[in-house]
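Here are a few notes to read alongside the model. Take them one at a time, with the structure open.

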Amino acid sequence: MIEQASTPNRVEHQMTDKGYVPVYTTAVVEQPWESYSAEDHRTWATLFERQMALLQGRACDEFFEGLNALNMSADAIPKFSEINQILKAATGWTLIGVEGLLPELTFFEHLAARRFPVTWWIRRPDQIDYISEPDLFHDLFGHVPLLMLPVFADYMQAYGEGGLKAARYGDEPLTELTRLYWYTVEFGLINTPDGLRIYGAGIQSSKGESIYSLESEAPNRIGFDVERVMRSRYRIDTYQKTYYVIDSFEQLFRATVDPDFGPIYYRLKGASAHPAGAVLESDKVFHRGSGEGWPEDADA
Ligand SMILES: [Fe+2]
């Protein structure tokens with residue numbers, strides 16, 4: 001059941017005397033494209049140009065191929081309706097406009113139906129370098145290009161189906177599955193003949209992390225293993241302490257979808273989670289992080 005909102009709101013977190021409180025919303029909205037101000041389009045252009053320059057030689061080829069095929073450019077905030085014509089024909093996905101963060105189950109339901117929720121509003125100029133929640137730039141620029149890649153598009157749908165299933169298994173499987181999304185869709189790296197490249201949307205939409213994730217001595221870069229990732233905590237307030245490297249998108253799809261998650265939850269039941277910065281004996285280490293600048297506590 002999709003709830004339609006007539007006038008889109010801009011739903012953001014709230015600061016209370018208890019600190020940051022995320023606010024969730026479930027409405028699906030038409031992108032109010034005519035309502036974007038000149039300043040909104042400039043913000044898009046600034047972010048687009050900056051990331052395109054930074055990501056040359058850092059993001060994977062598939063990201064640029066998707067972005068070009070979708071005709072995204074710095075000229076103006078893209079229209080979801082125009083993106084959808086191309087995206088739907090390529091992989092059967094459609095973008096839907098949303099007002100902000102979705103509750104987990106609502107999010108999974110959309111992914112399982114090949115609908116990708118994109119926040120309709122873009123950050124303010126004073127938030128150019130950092131915003132604590134997803135906005136249009138993160139969702140559209142960061143996530144949508146890879147939805148043009150069939151194997152990744154299938155992975156995203158399978159992930160949504162896996163999420164709905166995990167919710168029936170309980171809290172622990174949901175937490176484990178969230179870690180998988182975090183370390184792949186948001187912060188994943190891929191090994192290519194030209195070296196490590198970025199495919200995670202959280203990195204692709206971040207100026208600082210585009211460089212840090214690949215070039216800093218501080219974080220670990222470790223070969224992807226689905227159970228390892230599902231047992232590993234992560235950071236929500238800083239750059240990651242560890243990035244996981246896939247060999248190919250096919251590997252990601254096979255490793256996560258074939259086992260259908262059930263046996264993994266069973267094996268991981270009651271197992272303690274590894275700290276975000278841990279390196280294990282069994283890890284395939286591309287780079288062992290120096291740990292410089294890492295906060296000691298508060299891994300999520
Ligand atoms: Fe995201």
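Before starting, one working term: two residues are in contact if their C-beta atoms, placed from the backbone, lie within 7 Å. Keep in mind too that this is a predicted model.

1. Let's begin with helix H4, which spans residues 104-112. Its buried residues are Phe107, Phe108 and Leu111. Looking down the axis of H4, you'll find these buried residues within an arc of 100°, so they line one face of the helix. And what covers them? The cover includes strand S5 (115-119) and helix H6 (150-169). Just after H4, have a look at Arg114, where phi is positive, at about 55°.

2. H6 comes up again, this time with helix H7 (residues 171-186). The two pack at an angle of about 155°, and their axes are 8 Å apart. Angles over 145 degrees count as roughly antiparallel, so that is how H6 runs relative to H7. On the H6 side, the contact is made by Tyr159, Gly162, Gly163, Ala166, Ala167 and Tyr169. H7 brings Pro173, Leu174, Leu177 and Tyr181. Sorted by type, the residues of this contact are eight nonpolar and two polar, with no charged ones.

3. Now step back to the whole chain. The domain assignment gives domain 1 as 1-148 and domain 2 as 172-300. Their C-alpha centres lie 23 Å apart. How many residues does each domain put into the contact? Domain 1 gives 16 residues and domain 2 gives 14.

4. Stay with the side of domain 1 that touches domain 2. Helix H1 (38-55) and helix H5 (136-143) are the elements that give two or more residues to that side. H5 has the largest share, with five residues. By type, this side of domain 1 divides into eight nonpolar, four polar and four charged residues.

5. Last stop: helix H9, residues 207-215. Which of its residues are buried? They are Glu209, Ser210, Ser213 and Leu214. Viewed down the axis of H9, the buried residues fall within an arc of 115°, so here again they line one face of the helix. As for their surroundings, the buried residues of H9 pack against H1, strand S6 (189-192), strand S7 (195-198), helix H8 (201-204) and strand S9 (242-246).

Technical notes
Residues are numbered from 1 along each chain as its sequence is written. This is a predicted model: local features need pLDDT of at least 70, side-chain atom pairs count only at pLDDT 80 or more; totals for chains, interfaces and linings use all residues. A residue is buried if 20 or more other C-beta atoms lie within 10 Å of its own, exposed if 12 or fewer, and partly exposed in between; C-beta atoms are placed from the backbone. Helices (H or I, at least four residues) and strands (E, at least two) are DSSP runs, numbered from the N terminus. The arc is that of the directions from the helix axis to the C-beta atoms. Axes are lines fitted to C-alpha atoms, for helices over the stretch in contact, and angles run from 0 to 180 degrees between N-to-C directions. Angles under 35 degrees count as roughly parallel, over 145 as roughly antiparallel, 65 to 115 as roughly perpendicular and the rest as oblique. Ala, Val, Leu, Ile, Met, Phe, Trp, Tyr, Cys and Pro count as nonpolar, Asp, Glu, Lys and Arg as charged, and the others, Gly among them, as polar. Domain bounds come from an automatic or database domain assignment.
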